Each structure stands twice: as C-alpha cells, then as structure tokens.
Amino acid sequence: MCGIVGYIGPDNAAPILLNGLSKLEYRGYDSAGIAIYNNGKIEIVREVGKLANLYQTTDGGSAMPGAPGIGHTRWATHGRPSERNAHPHSTERFSLVHNGIIENTQYLKKKYLSKVSFDSETDTEIIVRMLQTFCDGGEEPFTAIAHIISEVEGSYALAIMDREHPEVIYAVKNKSPLLVGRGDGFNMIGSDAMAMIKHTNTFYELMDREFAVLTCDSVEIYTRYGKHVKREPFTADLDLTDTEKGTYPHYMLKEIEEQPVVIRRIIEEYTNENGDLTINDKILKDLKECDKVYMIACGTSYHAALVGCKMLESLAGKSASAYISSEFEYDMPILSQKPLFVFISQSGETADSRAVMVNVKEKGYKTLTITNVKGSTLSREAEHTLLLYAGPEISVASTKAYTAQIAVLAVLASCVAGKKCPLDLKYELSVAANVIEGLCSERDSYKELAREYVGDSTRCFYIGRGLDYFVCLEGALKMKEISYVQTEGFAAGELKHGTIALIEKDTPVIAIVSQENTDLHTRSNIEEVVSRGAKVLTISRSGLSMKKDSIIVGDVAEILTPLVTVVPTQYLAYYVALLHDRDIDKPRNLAKSVTVG
Ligand code: F6R
C-alpha cells in the first residue's frame with residue numbers, strides 16, 4: 001500500500017527509483033511518480049495506472065537525468081487515482097512523497113493554510129504546503145520538519161527533496177513503514193528493504209516520529225525534538241533472487257511451490273541443538289502462564305489463526321480464540337483474567353491489527369507477534385516475536401505465508417504441550433512438506449479441473465467441516481480475490497439452513513473432506529448439492545477418499561491437514577484467475593500491506 005523510494009548519490013536517480021518502485025509494486029498501487037533534481041530544478045513525472053506507463057514516459061528513466069530523486073507508487077485513499085493526486089506533491093521549493101493517512105487535516109488547514117489553494121485532493125499536499133509555509137516564515141527545513149512532526153496526527157512515511165539544497169534529502173516516519181539504506185557514496189530511502197536490496201543490504205530503522213537527513217556520504221537520525229539519535233545499522237539477510245520471479249510466470253505460482261521449502265526451513269529454524277522443536281523460553285513461559293490466548297489477525301492470517309486456535313486446544317489443552325482485528329478493535333469481548341494476545345500478520349504492518357496492539361498494550365497485556373517481516377511495526381511493538389521464515393511474499397494473494405503461519409503455530413502449540421504433545425510434530429511437519437511437494441507436481445491436473453469445474457462460472461462455493469471449514473474460508477478468499485469469481489466458504493452443515501437455495505444446475509461446489517469425525521456428514525452434504533445439480537469437485541484425504549474424488553491429498557496428521565488441503569485451493573484460484581485473464585499478482589483494489597485502518 002503506497003511505496004516510497006529515494007536516492008541521493010552520484011548516479012542518475014530515475015532508473016534506480018523506477019527499479020525500486022518495481023520491487024514495491026506487490027504492495028498495490030494505482031498511480032506512480034518520480035521527482036528528480038536537475039540543474040537547479042525539480043522535474044516531476046506522474047502517471048496513472050501501471051508503473052510501465054512511467055517507464056515509458058521517462059524512457060526507463062533516461063529522459064530524466066539528475067539526482068537526488070524520490071519516487072512513489074500511490075494507492076488512493078484521499079482523492080481518486082489521477083495524475084493530479086499522484087505523488088510527488090510539490091511547492092516551488094519542496095517535493096514530497098507520502099505513505100499513510102493524515103488524520104487532522106481540517107485542523108492543519110485552518111491553522112496554517114487558510115490562504116493557500118491546493119492542486120490536489122490529497123491529504124499529502126497539506127504537508128508539503130506546511131513545509132513551504134514554515135520555511136517562508138523563516139524556519140530552516142530541519143526545524144520545519146520537526147515542527148511538522150509535532151503537529152501532524154496520523155500515519156506518515158515521507159521522503160522530501162529541497163530545490164534549494166539538493167545535497168540533502170529527508171526521510172520522516174510515523175506508524176507507516178520506512179527504512180534508510182546505507183551505501184558507499186550514496187544513500188537511499190525505501191518503504192522496505194526490497195526496494196533497495198539491489199544497491200545495499202545495510203539499513204537504518206527509523207522509529208515513530210523520527211526523521212533522517214541523508215547526504216551522499218552520511219545518514220543522521222533525529223527525534224521530533226531535533227535531538228540526534230545514535231543508531232546502529234542492521235543487515236538484511238535478503239537475497240535479490242528472493243525478490244525475482246525467475247522462470248515462473250507469476251509470483252503467486254512461485255510462492256505456492258515454495259511451500260515445502262518454507263516448512264522445512266521452519267523446522268530447521270525452530271529446532272534446538274538436541275534436535276527438538278523449541279521456542280524462546282520467555283515466550284513459552286508467557287504462553288503457559290496465560291489462561292487464554294487471543295489471536296488477532298485479518299484476512300488470510302485470520303484463517304490461519306482459526307487453525308492455530310484449534311492446534312493450541314487440541315495439542316496443548318490451552319484455551320484460544322481467533323478474532324478479526326477490525327471487529328475486536330470496536331467490540332472487545334469480556335477478557336479472561338490473564339490473557340495473552342498473539343498477533344498474526346505476514347507483513348507486520350496491518351493497521352487494523354496494530355490498532356488492537358496499541359489498545360491491549362495500553363491495558364498492560366502481554367503480546368506476541370507472529371510475522372514474516374523482521375523489524376516490522378507489529379514485531380517491534382510486541383514483547384515477543386516469532387518469525388515465519390517464508391522469504392518475501394510478493395504476490396498480493398498470500399499463500400506461503402498462510403502455510404508458514406500454520407506451521408509456526410503448530411510448533412508453538414507443540415512446545416506448549418511439551419512432553420504431552422500427542423504428535424512427533426517435527427516428523428509430521430516434514431511429512432506435510434513432502435505431501436505438498438507431491439501436490440505441486442500435479443499442477444497441470446489442477447489447471448484442467450479449474451477449467452472443468454469453475455470455468456467461466458461467476459460464482460462458486462467451498463464446503464467443509466471443522467478444520468476443512470477453515471480451509472474453505474481461505475480457499476474462497478483466494479478464489480475471489482484473484483479471479484473475481486464470487487466464492488463463499490461454508491460450514492457444510494449450514495448449507496441446508498439457507499445457502500442451498502443458491503445451488504442450481506452446474507453451480508460449482510468444491511468440497512473438502514479430511515476430518516475423520518465428520519467425513520460422512522460432509523459426504524451427505526455433497527449428495528444434497530449434487531441432487532440439486534451442482535458440479536462437485538472433492539478434495540479428500542487419502543484414507544477418507546472415494547474413487548470419484550477429484551483431488552486426493554496424501555495422509556498427514558489430522559491437525560496438519562490445512563497445510564496440505566489448502567494447496568489445491570491455491571492452484572484452483574490461480575488457474576481460474578488465469579482463465580479469466582486477471583492480473584494475478586496484483587488484483588484490483590487490493591494492497592499487500594494494508595497500512596490504513
Ligand atoms: C489475502 C491476504 C490478506 C492478508 C490480510 C492481512 O490473500 O493476503 O487477506 O492476509 O490483509 O495481512 P497481514 O497478514 O500482512 O496482516
């Protein structure tokens with residue numbers, strides 16, 4: 001959701017910015033722009049639509065020589081997607097790009113900008129106008145930025161250029177992600193490491209309400225009061241190839257097929273020197289001492305949380321419930337005496353989850369974040385973090401992060417259970433990784449099934465019970481978000497309470513049957529829809545399978561079935577989206593990192 005890149009150094013900035021922005025495309029955007037300093041002027045190009053448009057207008061950047069520069073991909077929040085609303089926004093002196101939402105715009109306009117007319121409908125323009133106004137009033141940019149931080153409410157990551165001082169650029173951060181990249185003779189700003197990894201793997205983290213002054217050779221960080229901060233850089237263990245598609249046509253397909261490797265990596269990362277699965281002692285202590293685990297998450301991560309709660313209850317006898325962040329925030333249930341809050345978030349930046357984090361921390365409760373992104377906001381703000389080790393997930397539709405979340409939650413549950421754990425989880429996880437590998441080798445058959453069962457239908461249903469129902473929710477979300485086929489996941493037993501009215505001739509229904517205590521019940525629900533004309537594609541677990549089932553997944557421990565039954569649902573979504581000629585990695589209206597609430 002909005003991407004920022006900045007560069008100051010001896011090379012022409014535009015090609016570097018365009019490349020950086022291309023690495024941020026996965027976050028979702030609807031327009032893009034760059035500002036480049038050249039010969040006493042700041043030149044700006046902005047385009048609606050794909051980054052390819054900006055590449056074309058600037059001839060890959062070569063039509064815009066000069067440095068420093070800043071660039072932006074915008075995901076519209078205030079003001080529709082248009083050239084006028086695209087960033088950078090500028091005054092005669094400053095150019096600025098912004099990620100986030102300014103909450104007190106009316107107050108700021110009234111207090112500082114009552115005589116100013118605006119070029120755009122964005123909240124961002126207010127900041128650049130304030131900067132100009134403060135500097136016109138005699139402030140230096142340094143103090144004007146500190147002044148802005150003290151006045152502006154909301155979330156903002158900013159990169160700023162000053163036409164009168166092209167030897168510096170500024171980075172400012174509050175609640176929205178932003179990193180500073182340190183190079184040799186150059187420095188960079190980026191929404192995440194991937195935007196800069198081609199040039200450097202050394203980064204400075206900025207804390208909320210801090211800002212940084214970058215020259216070619218230095219990075220200085222300051223608090224909002226202008227006090228200098230000494231901060232050690234960190235190195236990101238990111239490989240450039242992790243961010244490339246390689247021979248795959250889409251990131252989503254690559255990420256689906258990385259799942260066995262990710263599960264094996266999780267086993268390795270969470271194995272101690274005695275060869276046992278382990279998590280940090282302090283986390284374990286808090287988990288054991290709490291009387292209930294509250295899992296907080298959105299979307300796919302929420303679906304993983306539903307499975308995680310079942311794992312905690314069935315493997316470790318620990319009470320656990322999952323909540324959708326945006327619901328929990330406004331409608332908190334009566335809490336237990338000693339709760340522990342577990343935040344599950346691939347990106348670690350999701351605003352809805354963060355709002356809950358802020359709330360429960362204020363109340364003094366303990367917090368653990370399970371995330372793929374080291375150093376992300378939710379990770380920094382929680383007392384504890386467990387990492388997913390899934391590698392960058394670029395496709396907007398989450399696949400490998402979902403299975404990684406479930407695998408890490410399984411490790412967590414088995415560690416809480418300790419010796420009482422009824423499973424050799426390490427072994428069972430490796431079996432699951434092998435089964436997924438087998439499923440991946442069948443990808444061509446899923447393509448055929450996608451065509452045969454869903455084809456050009458405009459709607460589709462997933463049905464299942466228990467853990468299968470949770471996978472149905474995830475399978476349906478995946479299908480609808482990338483193919484735009486309206487798909488709903490139902491608890492199979494609920495069909496007859498209303499939804500079955502929608503079943504007619506050739507309605508696609510995908511049934512999941514992997515749970516021993518309910519397989520026959522789901523089978524009878526399948527019969528109910530078949531007798532009303534539905535085309536039923538059944539995904540079953542070997543051992544519970546029947547001859548006519550379309551996809552049979554290898555046997556895994558029952559509690560781990562979501563890890564494997566989800567894989568065909570990911571492929572089906574992918575191939576249906578391909579049939580419909582959708583923009584698979586960047587579905588419409590969606591962003592990878594939902595940093596607004
Ligand atoms: C769907 C998807 C989203 C995310 C949700 C939460 O494929 O990716 O539903 O799961 O936006 O994001 P994170 O996990 O980053 O908090």
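A: A crossing of helices is left-handed if the near helix is turned anticlockwise from the far one by less than a right angle, and right-handed if clockwise. The crossing of α4 and α5 is right-handed. This is a predicted model, in which local features need pLDDT of at least 70 and side-chain atom pairs pLDDT 80 or more, while totals for chains, interfaces and linings use all residues. Residues are numbered from 1 along each chain as its sequence is written, and side-chain values use heavy atoms, without hydrogens or water.

Helix α4 covers residues 124–136 and helix α5 residues 141–151; helices here are DSSP runs (H or I, at least four residues) and strands likewise (E, at least two), numbered from the N terminus. Their axes come within 9 Å and cross at roughly 130 degrees, with axes fitted to C-alpha atoms over the stretch in contact and angles running from 0 to 180 degrees between N-to-C directions. The pair is therefore oblique, since under 35 degrees is roughly parallel, over 145 roughly antiparallel, 65 to 115 roughly perpendicular and the rest oblique. From α4, Ile127, Met130, Leu131, Phe134 and Cys135 meet Pro141, Ala144, Ile145, His147, Ile148 and Glu151 of α5 (contact means heavy atoms within 4.5 Å).

Next, look at Arg523 in helix α17, residues 519–530. With 9% relative accessibility, Arg523 counts as buried (buried is under 20%, exposed over 50%, partly exposed in between, with a 1.4 Å probe and protein chains only). Its side chain makes a polar contact of 2.8 Å with the side chain of Asp549 (N or O atoms within 3.5 Å, one able to donate a hydrogen and the other to accept it; sequence neighbours count only if both atoms are side-chain atoms). Leaving out residues up to four places away in sequence, Arg523 touches several others, including Val513, Thr538 and Leu544.

Ser376 sits in the loop between β19 (366–371) and α12 (377–381). Ser376 is buried too, at 1% relative accessible area, and a polar atom of its side chain lies 2.8 Å from the backbone oxygen of Val373. Beyond residues up to four places away, Ser376 touches Ser347, Gly348, Glu349 and Thr371.

Now compare Pro333, in the loop between α10 (325–328) and β18 (339–345). At 28%, Pro333 is partly exposed. Setting aside neighbours within four places, Pro333 is in contact with Tyr323 and Phe328.

Finally, α18 is mostly covered, with 17 of its 19 residues buried. After α18 comes Asp581, whose phi is positive, near 60 degrees.
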